[in-house]
Structure formats: C-alpha cells, structure tokens
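Reader: Please take one part of this chain and look at it closely, setting out how its residues are placed and what surrounds them.

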Amino acid sequence: MGAPMAGRLSDAGHDLVVWSRTRAHAKALADRAEVARSPAEAGSKAEVAITMLTDGAALEEVVLGRDGLAGGLGSGGLLSGGLLIDMSTTGPAPARKVAKALEERGVEFVDAPVAGSVGPATEGTLAVMVGGSDEAVGRARPLLEILGDPERTWHVGPVGAGQAAKLMLNLVLGGVTVAVAEGFTLGRLLGLSPDAALDVLEGASVATQTVRSKRDKLRSGDYGDPGFRLALMHKDLRLAVDAARAARASLPATERVAELYAGAKGKGLADQDYAAVAAYLASMAPLLDRSPADG
C-alpha cells in the first residue's frame, strides 16, 4: 500500500523522503525519493510524515522507538509544528498514545485509516476515515485528497475516531465475507454448481458487492494475489473485539468470525486474500465435491 501511495504523492509534485522496515521497499522508490537510514532521519527532513504500517505495535516502534519518527519530527526548525498522518489500521488506543507523545513535541497527529487495497491505492480512490482536530485535519486534507477519494473522506471525530470507524467497517466486511463463504459452501453441498451459486448470491443477496469483488477467487479457489491479506483481516477483527471488551461490551458473532479467520491462518492461509476463509470452510465440508444424495 505504501509504495503506490508514495507514487501518487510524487506524481503530484511533492518531494519525498522514504523509509521502510523492509529496506528493499524503500530502495524501490529511490528513483523518485530520497531514502532515509532511519525514521528519525526521514522525519527530520519532512514537514509532514505519513505512515502505513501493519498494526499498533509497529506504529509505536516506528514513531516512538529508537531512532523513531518522533525524534525527527520534533527536532525543531523546519519541523516545528510538524504533522504525522497515520494511515495504518491500529485501533484507537495506539493512535491516542502516539498522538499524546507527539503533542509534547509540538507535532500534530491525524489517524486516517483507509478502506481499499493496492488497486485503489494506485488509483487514488481509497476511502479514508479521519480522526483529529479540525486544524490538523485541515492541514492533512490536501494530501488525503491525493491518496483517496475526496467524496469518501470523512472527518469522523477527534484522534482515534478514524480508527473506530475503520474497525466498524472491517467488522462488517469480515462478517459479510464469512456469510458469503458459508452460503457458497452450502449451495455447493446441496448440489448447485459454483457458477449458479455465485449468480444467485451476486444477483439477489445483500452481499452483492462482496460476491462481485471476490467472485473469480471463489470460483477458482485461487486466493493468491491478495487485495487484502487474511492475516490483516483477522488482526482488524481482533482489534474490534478487544475494543468492545475494553468498553465492557460483547460482540459474540464477531468473536466467532474472528475465530474462523484464526482457523484459516492456522491452515496456512494468512498471506492469501481474506476471501480464502471460504477455502477454510470448504475444508470442513468433506462431502463438498460429491453429489448430494437423492432427497
């Protein structure tokens, strides 16, 4: 996700300094950006920093850890009044923790997680859910409108609110995908061809968009070339469950959905598309490839 997003910023005329935990990813951008040796060095040369990381632990490490981004962004001079836009999905607590640490250095923070995969990131059509002060979000918005769809960029509240909105969204997405996968499995078990089952699911169900976007993968059983990795969907669902528990609430259906994604991870599907939960469900239906008995 980070590479196509950096490409869009470069194409829009912005000067870039890049750093990645996987150095090869940063080197791949060397023709259009300066490659920094550490997050702190990258931050010391930028007015605005944008992070796209795996989870909250990675965010805290990159921003607050040794040679972290906070040290560069809070170094004074050009960077006084710096801004960090975090576009990762971390959950509200890490966002608030990092925001508080940066505030002490005079650096503003916006959490702006996105909905979409590598394709929308390349096209600049990501949906963006934004949390932060009006001032900070105002500063971030011109960059967010390069990276995402301005019509689907929502300022939903203070720091952490963007993360809350993203967890809400992926809770629904993960649950709908499991429901589609179970419906597809049941239809085939009861004798429907894969195409017939998918035609009905796509044309008549509330899960139309999910079926449409995942039809080829469900039909072929090939979940490689992931738009969004199954491991990341599981992480987001766990974040949603943990956030609910912290608020003394229970999400029993989501807990079960998260367990299904965990089971799929355990079957070696972590790096495949999140629709591979269908393959995990199919593994629990040993009669799937047989014709149903009469009656």
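Author: In this predicted model, D225 counts as exposed, because its relative accessibility is 71% and the cut-off for exposed is over 50%. D225 lies in the loop that runs between α11 (208-220) and α12 (230-246), and although D225 is not a glycine, its phi is positive, at about 50°. A positive phi is also found at D67, again a residue other than glycine, where the value is near 55°. D67 belongs to the loop between α4 and α5, and with a relative accessible area of 48% D67 is partly exposed.

Helix α6 spans residues 92-103, which makes 12 residues, and from its first C-alpha to its last it reaches 16 Å, close to the 16 Å expected at 1.5 Å a residue. Its buried residues are P92, P94, A95, V98, A99 and L102. Seen down the axis of α6, these buried residues fall within an arc of 165°, so they line one face of the helix. On the face turned away from that buried side, α6 carries the exposed residues A93 and K100.

Technical notes:
Residues are numbered from 1 along each chain as its sequence is written. This is a predicted model: local features need pLDDT of at least 70, side-chain atom pairs count only at pLDDT 80 or more; totals for chains, interfaces and linings use all residues. Side-chain values use heavy atoms; hydrogens and water are left out. Helices (H or I, at least four residues) and strands (E, at least two) are DSSP runs, numbered from the N terminus. The expected span of a helix is 1.5 Å times one less than its number of residues. Buried means under 20% relative accessible area, exposed over 50%, partly exposed in between (1.4 Å probe, protein chains only). The arc is that of the directions from the helix axis to the C-beta atoms.
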